[in-house]
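User: I have a model open and have not looked at it before. Can you take me through a few residues and then the domains?

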Amino acid sequence: MDARPEPPEVRAEKLLRKWFGVAPSVIASAHGRVNLIGEHVDYCGGLVLPVAIPQRTCVAIARTDGKSRRAVAEGFDEAMGESGEGWPHYVFGVWEELEKCGAPRVGMFAAIAGDVPIGAGLSSSAALCVATVKATLAVLGRSMDASEIADLCRRVEHRYAGVPCGLMDPFACAVAEERKALLLDCETGEHELVPVPETVRVEVVDTGVRRALADGRYAQRRAESERALAMIAGVVGPRASLRRVSLDELHASKGAMEEVLFRRARHVITEIERVRRFVDAMRAGRLGEMGGIMDASHASLREDFGVSWPQADETVERLRREPDVLGARMTGAGFGGCVVVLRRCG
Ligand code: GLA
C-alpha cells in the first residue's frame, strides 16, 4: 500500500532542518486557485471568480541572528541567495518589497514545500508569494490585509518575474476558500465569498501541457487589450478600462481597429458579463445555466482571445459528453495547464 505523502508543513520543516540545521520560527501556507470564470479580465478592471484548490504551498522560516538570507525549495537541491534564478525571484522579491513597505531587514532561512503543480495555471507562483508574505509577517510580528498582500505579490510578479499579471491570483491565494468562490471586482478591490452550491463539484483536469507566463504571449494579450481600449476611446471618448466599454460602443468602434483587436475586446466585454450571470445563477442554484456559461467562456477564449490549446479543446469536448458534467472550460492564462469542470453530484 502506498504511504500517504507527508503534509507540506512537515516537508518544509524537514527541509529547513536538513539545509540550515535550524527549527522553523513559523510555517505559513497558501492554497493554489482555479478560476471558475472571468478569464483575462482582471487586468481590464473586470470581475473574476476563483476558488481555492486543496493543494498548498508551505513556507517555513527561521529567523537568524545575522543579516544573511538563504532559501531552499523542495526538488531543487541547492540553497539559494538573492541572485538565484527562477523560484528565488519570488521569495527574495517578497522580502525586498516588504522592506520597501518599512519592514526591518532581518536574517532568515526559508524552506519551501508544496503540492501546487507548477506551470499548470493553478497559481503556484502566487501561492508561493502569499505564503512567503504570511510567514515573514508572522516572523516580524506584523500584519497586512488581503488587498495589501495581493498588491505586494503582484508587484513581485511584475518587477522580479517580469510577468505583467493582474490582481486575481495573489488575491485568490490570500483569501479564497475551497467551497466558496471569491467574487473579486478588480476595478475597486471589493470582494465577497460566494458559496458553491452543494450539488456541484468543481474538478480540475490537467491537460499535461505546460507553459510559462513569462513566454511573452500573456504580455502580448494584455498589450492587445490595451491597444483595443485606446482605439475604442478614440471613437467613443476616454474610458478607464474595457470594463467601462459597452458592447454597443465596441461595435461602433469596429471600423477603427484591426479585426484581432475587436475580437480581444469582445472577449473581455462579454466575459465580464458572463461572470455576472454566472454568479446570479450560482446564487440561485441554476446549475445548468452555470455550465452553459462556462462553455460559452471557453468558446470565447478559443475564438476571440486565442489562448486555448488543442488538448484543452479536446478535453472540454470529451468531458461535456459525460452525463453529469454541467460545463467545462480552460482555466488560467492559457496555452497550457488545466481545464475546470463543473459536475453535478449528490
Ligand atoms: C494569469 C494571471 C492572472 C490572470 C489570468 C487569466 O493567471 O496571473 O492575473 O490574468 O492569467 O485570467
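User: Is Glu224 buried or exposed?
Analyst: Glu224 is buried, because its relative accessibility is 8% and buried means under 20% relative accessible area, with exposed over 50% and partly exposed in between (1.4 Å probe, protein chains only). This is a predicted model, where local features need pLDDT of at least 70 and side-chain atom pairs count only at pLDDT 80 or more, while totals for chains, interfaces and linings use all residues. Residues are numbered from 1 along each chain as its sequence is written, and side-chain values use heavy atoms, with hydrogens and water left out.

User: Which helix does Glu224 lie in?
Analyst: Helix α6, residues 217–236. Helices (H or I, at least four residues) and strands (E, at least two) are DSSP runs, numbered from the N terminus.

User: What does Glu224 touch?
Analyst: Leu261 and Arg264, leaving out residues up to four places away in sequence; contact means heavy atoms within 4.5 Å. With Arg264, the side chains also make a polar contact at 2.6 Å. A polar contact is a pair of N or O atoms within 3.5 Å; within protein, one must be able to donate a hydrogen and the other to accept it, and residues adjacent in sequence count only if both atoms are side-chain atoms.

User: Now Ser125. Buried or exposed?
Analyst: Ser125 counts as buried, because its relative accessible area is 18%. Ser125 is in helix α3, residues 124–140, and touches Tyr90 and Glu157, again not counting residues up to four places away in sequence.

User: OK, domains. How is the chain divided?
Analyst: Into domain 1 (8–195) and domain 2 (200–344), with bounds from an automatic or database domain assignment. In the contact, 39 residues come from domain 1 and 44 residues from domain 2.

User: How far apart are the centres of domain 1 and domain 2?
Analyst: 26 Å, taken over C-alpha atoms.

User: And what area is buried between domain 1 and domain 2?
Analyst: About 3200 Å², with 64% given by carbon and sulfur atoms. Buried area is the accessible area (1.4 Å probe) that two parts lose on being put together, summed over both.

User: How many salt bridges between domain 1 and domain 2?
Analyst: The count is 4 salt bridges, each a side-chain nitrogen of Lys or Arg within 4 Å of a carboxyl oxygen of Asp or Glu.

User: How many residue pairs are in polar contact across that interface?
Analyst: 21 residue pairs, both residues at pLDDT 80 or more. On the domain 1 side, elements giving two or more residues include β1 (26–35), β3 (50–64) and α4 (146–161).
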